[in-house]
Amino acid sequence: SMLQDSLGKPANQIPQLFIPYKEVLDVYNKQNLSVPEDVAIMWSDDNFGYIRRLSNPSEQARSGGGGVYFHFSYWGSPDGYDYLWLGGTSPAHTSFEMSKAYNLNCKTAWIFNVGDIKPHEFEYQFAMDLAWDVERWKPENAADYVLLWANETFGKALGTQIAEIKTQYFHLTAAGRAEHIKWNNFSIAEMEERIAAFENLTQKVKAVEAQLPDRLQDAYFQLIAYPIEATWAMNTKILGAKLSFEYAALGKREAALAIALDAQQAYQLIQELTVKYNKEIAGGKWDGMMDYAPRNHSFFYDPIVVDEEQIDEGEMQATPQDSIRNFE
């Protein structure tokens, strides 16, 4: 009635959305809320890229249709389960979720939460291209978009190598975003393998970087080098700190001290990369855009690692679980 009175036309001619986000979806499901036929129901993901619910047959027939609110970036609870810093949602994942929604008549409106646009440029571009032609980028071929994008952005001479790098980054990120590594329960072997995999990927990044013309260096740093090198450093910092206690508990003194140093240097690298992003590329055009510690969560800062005194005094003869608790 408020809209109708204010705009002077029937309410069913005024585009409206009802978004059952978070606890509102529970209320909608349990209380059978009556939503006017002409209002579009916009379903939301679970904040991490998995759509919680989509339209059933009766909802698909609504004149208002349906939509989706989907996160590429998330400002989370006080616990810190955010991912505001670096992008990492693959085209295949986005297509799988959004194509499913499209096929269930959620076509009226799509909203993509990208937060700060710069860290999520790739994800946002794919979302717009998918919305423009959903039939072109179905789940079975959406992964091919990376090569199309790489060729379009950096040229075909290095497009294949860049697409392979970006694809591997998505694969590694699927097992844990840079912002969530603190909570991942990896084994010692898995932590070692993950650090090594990101280090190898970083070497590939640098090899391609050396072949690019000057005019593409800034774009490459923003879109490829910064997110990958920063993610490698974050994994080395968080997992390396944990490994320093794990190794110490196993009596591996030198290995513990070496990985502790790696973790500390990784934190320095993150700071240096971020200064380059803000102050050096494009003549400082993006100064202030990149923040390596969104919301100032403690795990973004210098790591807690084992030191020589702790080892020499025999304080690290603890179980692996105790050593992780010490790190926390």
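Reader: How do the residues lining the second largest cavity divide into nonpolar, polar and charged?
Author: This is a predicted model, where local features need pLDDT of at least 70, side-chain atom pairs need pLDDT 80 or more, and totals for chains, interfaces and linings use all residues. Residues are numbered from 1 along each chain as its sequence is written, and side-chain values use heavy atoms, without hydrogens or water. Ala, Val, Leu, Ile, Met, Phe, Trp, Tyr, Cys and Pro count as nonpolar, Asp, Glu, Lys and Arg as charged, the others, Gly among them, as polar. The lining divides into three nonpolar, four polar and two charged.

Reader: Which residues line the second largest cavity?
Author: A cavity is a set of points on a 1 Å grid over the protein atoms alone where a 1.4 Å probe fits but cannot get out; lining residues have an atom within 4 Å of a point. The second largest cavity has a volume of about 40 Å³. Its lining is L86, G87, G88, Y169, T173, R177, A178, E179 and T231.

Reader: What is the volume of the largest cavity?
Author: There are two cavities of 30 Å³ or more. A volume is the space filled by probe spheres set on grid points, joined across faces, edges and corners. For the largest cavity, that is about 130 Å³.

Reader: Which helix gives the most to the lining of the largest cavity?
Author: Helices are DSSP runs (H or I, at least four residues), numbered from the N terminus. α5 (121-132), α7 (156-174) and α9 each supply at least two lining residues. With four residues, the most comes from α9.

Reader: Which residues lie nearest the centre of the largest pocket?
Author: A pocket is an open set with protein on both sides within 12 Å along at least five of seven lines. The largest one holds about 480 Å³ of space and is lined by 22 residues. Nearest its centre lie Y50, G88, T173, A174 and R177.

Reader: Which element gives the most to the lining of the largest pocket?
Author: By class, this lining has ten nonpolar, eleven polar and one charged residues. With five residues, the most comes from α7.

Reader: Is α9 roughly parallel or antiparallel to α10?
Author: The axes of α9 (residues 214-249) and α10 (residues 253-280) come within 7 Å and cross at roughly 155 degrees. Axes are lines fitted to C-alpha atoms over the stretch in contact, with angles from 0 to 180 degrees between N-to-C directions. Angles under 35 degrees count as roughly parallel and over 145 as roughly antiparallel. So α9 is, relative to α10, roughly antiparallel.

Conventions:
Angles under 35 degrees count as roughly parallel, over 145 as roughly antiparallel, 65 to 115 as roughly perpendicular and the rest as oblique.
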